[in-house]
Every structure is written in C-alpha cells, then in structure tokens.
Amino acid sequence: MNWLKNLLGNRRVWAYPYAVFMAIFVILPLLLVVYFSFVDEGGFTIRYFQKFFLATDSINTFIYSIGIAMVTTLVCLLVGYPCAYFMANKSFATPKVMAMLFILPMWINVLLRTLATVALFDFMHLELDEGALVFGMVYNFLPFMIYPIYNTLQKMDPSLTEAAKDLGANDFRVFKDVVLPLSMPGVYSGIVMVFMPTISTFAVAELLTMNNVKLFGTVIQENINAGLLNYGSALSLILLIIIGLTSFFGNDDTKN
Amino acid sequence: MKKFLANAYLWLVIAILYAPILIILIFSFTDAKVLGSWNGFSFDLYANLFKGEAGPSLNSAIINTLLIAVVSATVSTMLGSIAAIGIYNMSRRERRLLTFVNSIPMINPDIITGISIFLLFVFMGVTRGIGTIICAHIAFCTPYVVLSVMPRLIKMNPNLYEAALDLGATPFYALRKVMFPELRPGMLSGFILALTLSIDDFAVTLFTKGSGGIDTLSTYIYADARKGGLTPELRPLFSIIFIVILVLLVIFNMRTAKQAAAIEAKKGGDK
C-alpha cells in the first residue's frame, strides 16, 4: 500500500502516462515525417525535395493552393469583419443568439457540409468550378474568422470610441483610427485560423469541383495512398513548415 | 436605419450559411434518388434509415463511429484529467514543456496528424484497424480534455485536497470526494468536446483505418461521394444529426445562461 500512497501523494507523477502517450503518438510520428522525407532504402537523400521543386506539376499545385487559401482568407475577412463588428456592437442585434447561429454549422461534419454546398450549387444550376471551391472554403471556415475578431472587439473598452467621438472624430475616423487598429490581433489570428485549414484540406476541394481542381493536400494524400511514403512525407514536411511559419508570424503580430 | 442594415447583413450571411443545410433538410422528405429532384413528400428515407435498409455498410459505419467516439472520449477524459492534475503540480519548466506538447495536435492540420500517425503504424508494423483509429483519436482528443480540466484546477482551492488528507481521508477517498466533484464540470465538457471531435473527424480516420474495410460515417460519406451518388438515406441521417446538435446547443446555452444568472444573483446577495 505504500507505493500507492506515494503515487497519490506525489501528483506530478500523474502526468507521466500522458507524457509517454504523447511522446509515442505525437512527437515520434512527427519525427518519422522528417525521417521518411530524408531517408529511404538507399540511405540519406534530398531526392524527394528535388523532385518537388523540379516537377513543375507539384510546385504549380503548391502555389495554386496558396493562392486559393489567400483568396479564401481575404473573402472570409471581407465578409466576416462586418459580421463580427455588428455582433460586437450592443446597439445592434442579439449577440448571443447570433454567435450560436454562426457556430452551429461547424458542428456538422465537414464532408456533409461540403456535400450540402455541392447540392446547393447543383440545385441552383451553378457550375462547380473555382468559384464553387472558394465559396465552399469560405462557407466552411468563415466562423474561424468571425470568432477571434468578435472576441477582440467585444473586449474593447467602449469608452475609447466615445472619447474619440467626443474629441470630434466622425464615425469613419473612429473606425479607422480606433476600432480597426485595436481589432488587429483578432484579425491576425482569424487569418491564421482560416489560412491553415484551407491550405491543408484535401477532400473538400475534391468534392467541390468533382476532382477538377487539385490542391496541395490532395497531392499529399494521393502520394501516401499510392504508397509513395517518402515523397508524401517530404510534401507533408513542406506543408508543416508553411503552417509553422504562418502561425509564427501570426503569433508575432499578435504580440506587437 | 443603421441597425436595420446591420441586422439585414448579419441575417443575409446566416441565410447563406444555412442554405445548403436547409436544402438537405427539405430533400430528406422525398424519396428521390438524386438530391434536387422532388418526388413528393414521404418519410420513406427515414423509415429506411431506422429499419436498417440503407445497407449494411452504412449501419456498421454508424455503429463504428459511435463506438470509436465513446471509447476514445472516455479514455481521453480519464487520461487527460489525470494528466491535468499532474501538470498542475509540476515545476514550471516541466509544465511549459508538456503544455507545448499538448498544443501540438491542436495546431497541427488534420492531414499532418493523420499522416504522421499512419507513418508510426507503418514503422512499427502494426496492422491498422479499429484499434489504431481509437489510438489516433485519443491522441488528438486528449489535449482538449487537459485544456478543459485545467481551469477548474486553477480555480480550485489547492488546500482542500490536503485538508481532506489531514482529516484522515485516504488519498483515494479524498480524490473521489474532494477532487473529482470539483473537476467534474471540466471533465464533462472535455468529454463532450472529445466526443464531437471524434465523430467529426475525417482526415485522421482515413489514414489510420487501414484497408480492412472499417468505415466511420465520415469515411463512408467520402467513399460514397467519390463513387458519384450520395446514398439518399444520408439526407435524413444528416437532418437528424443537425436537429440533435441544435437542441443540445440550445439546452447547453440555456443552462450556462441560467448558471450565469444564478451566479450574478448570488454576487448581488453577497453585497
């Protein structure tokens, strides 16, 4: 019974099973991604990165995906910012209900949501092209943009805008010089939260365009499925680096 | 006028967000094979779904999804809660390190989590199946449990547990009677979060399910959609899931609103 007492007494130890679990299922797998991208049957190699940068196909898809992700992020920002702004403004609307309505669709499986979008486009006899792709992406990730902005706007001290008004600023200047700068942290995290999933999704693009448009995520998945583990890992590592950079810059900006 | 425009804009965005869902809801009440054509009102698809006539693979996909979700959410909740207590009692450096590791699955895109765990199973030579799916789900669900239990621990008076021990409670008794009731709300929300994350997951499941023919709802839908037509019975299933979530969210929000009101009232009374 003594060991049991020690175990219950020293509660630090309780985190150890989790630490071991995470080492096996989170750390080790990520190290394996790095390992497989540089090591194959023939030993160390950078062949797979050369393959990526030399094959116009994959590099084009990569740039194209970044482009789609940027457009999606921009549309989300343009549509989402006013939503967040109106919701945070107590004189308009009932924010609690609105907030719930915006988040509710997120609780539905992303594939079902995507298929529902396809159904909508079919129903309205619209073509499933890049427009559909961007619409579907915006539809899927818009709440990720609205939420952080809404949060920062809601926490903003209302006396600041009042003070600006008292000092003679018109509505536009109040927005431009007070509200907008103060909401930038929310905007940055919104951008990161939309950009990251957009660049890494694979099934969504496939279903939305009937496999006509290929995104980077799809290319990774196809390679892994085809058993090209080393090339797939190298592509994953590239994606991981992009994600790391995005979140790094996102965090950096939030702190400033 | 401004208020009207602001509201009009908000409702317009909401209407667009809900249009696809509405289409599926409406067309769940007709037995047309193809979505978008209306064969007259009927409950046939619902009846098929409940009688299990939608096909054995859809039935097993539903069962698999629920089984995986319940098992991984239960394990995640236990593992995560115990870990949270441990992390809370760690030195600052250790805590920083584990908190960082804890955040990795949350930042990582699904596809990377899926592929990296897939590589682990390939590397170790493990045959993929329902067990590997559950392991992967535990890996990405547990961090959320840790994060939901942590605030409860921080809010809790750390002396309570020690006091119970001083008063002669066995550690296990103190854990059950003092610690557990304090942490229960955090554990519950962690469990629910894990449940929904697991049910919702697609990418990680796809990479860890192997070729043994095990499908969850997500991977079933994916395979189905790639074949071309979507099984019509998915429409009522989707509608039911949507309504259930809607009701749950409303209840949940009403409860938190009530609790908030109660706390406010109590605060007012204390003054």
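Five salt bridges are present over all chains of the structure, a salt bridge being a side-chain nitrogen of Lys or Arg within 4 Å of a carboxyl oxygen of Asp or Glu. The model is a predicted one, in which local features need pLDDT of at least 70 and side-chain atom pairs count only at pLDDT 80 or more, while totals for chains, interfaces and linings use all residues. Residues are numbered from 1 along each chain as its sequence is written, chains are lettered from A and ligands numbered from 1 in the order in which they are written, and side-chain values use heavy atoms, with hydrogens and water left out.

Side chains of opposite charge can pair when their charged atoms come close. One of the salt bridges joins the side chains of Asp40(A) and Arg47(A), with an N to O distance of 2.5 Å. Asp40(A) has a relative accessible area of 10% and is buried, whereas Arg47(A), at 45%, is partly exposed; buried means under 20% relative accessible area, exposed over 50%, and partly exposed in between, with a 1.4 Å probe and protein chains only.

A salt bridge also links the side chains of Asp177(A) and Arg173(A), at 2.8 Å from N to O. Both residues belong to helix 9 of chain A (residues 171-200), where they are four residues apart, about one turn of the helix. Helices (H or I, at least four residues) and strands (E, at least two) are DSSP runs, numbered from the N terminus. An α-helix has 3.6 residues a turn, so residues three or four places apart point the same way. Asp177(A) is partly exposed at 34% relative accessibility, and Arg173(A) is partly exposed at 46%. Together with Lys176(A), Arg173(A) and Asp177(A) are linked in a network of salt bridges. In another pair, the side chains of Glu222(A) and Lys214(A) meet at 3.3 Å, N to O. Glu222(A) is partly exposed, with a relative accessible area of 34%, and Lys214(A) is partly exposed at 37% relative accessibility.

Helix 6 of chain A (residues 110-123) has 14 residues, and its first and last C-alpha atoms are 20 Å apart, close to the 20 Å expected at 1.5 Å a residue. The expected span of a helix is 1.5 Å times one less than its number of residues. Because 11 of its 14 residues are buried, helix 6 of chain A is largely enclosed by the rest of the structure. Among the buried residues of this helix are Leu111(A), Arg113(A), Thr117(A) and Phe121(A). His125(A), which follows helix 6 of chain A, has a positive phi, near 55°.

Helix 7 of chain A (residues 130-155) has 26 residues, which should span 38 Å at 1.5 Å a residue; the end C-alpha atoms are 37 Å apart, in agreement with this value. The N-terminal end of helix 7 of chain A is capped by Asp129(A), a side-chain oxygen of which lies 3.1 Å from the backbone nitrogen of Gly131(A). A kink of about 50° occurs in this helix at Phe141(A), shortly before the proline Pro143(A). The bend at a residue is the angle between axes fitted to the seven residues ending there and the seven starting there.

A nonpolar surface patch of about 380 Å² is formed by Val20(A), Ile24(A), Ile27(A), Leu28(A) and Leu31(A). Patches are made of residues with over 30% relative accessible area and no salt bridge, like charges being joined within 9 Å and nonpolar side chains (Val, Leu, Ile, Met, Phe, Trp, Tyr) within 5 Å. Accessible areas come from the Shrake-Rupley method with a 1.4 Å probe, and for residues only the protein chains shown count as cover. Leu31(A), in helix 2 of chain A (residues 16-38), is exposed, with a relative accessible area of 52%.

Glu162(A) lies in helix 8 of chain A (residues 158-166) and is partly exposed at 49% relative accessibility. Glu162(A) and Val174(A) are 12 residues apart in sequence, with their C-alpha atoms 8.8 Å apart in space. In chain B, Val149(B) is found in helix 6 (residues 130-155) and is buried, with a relative accessible area of 0%.

Terms used
Polar contact = N/O pair within 3.5 Å; in protein donor to acceptor, adjacent residues only side chain to side chain.
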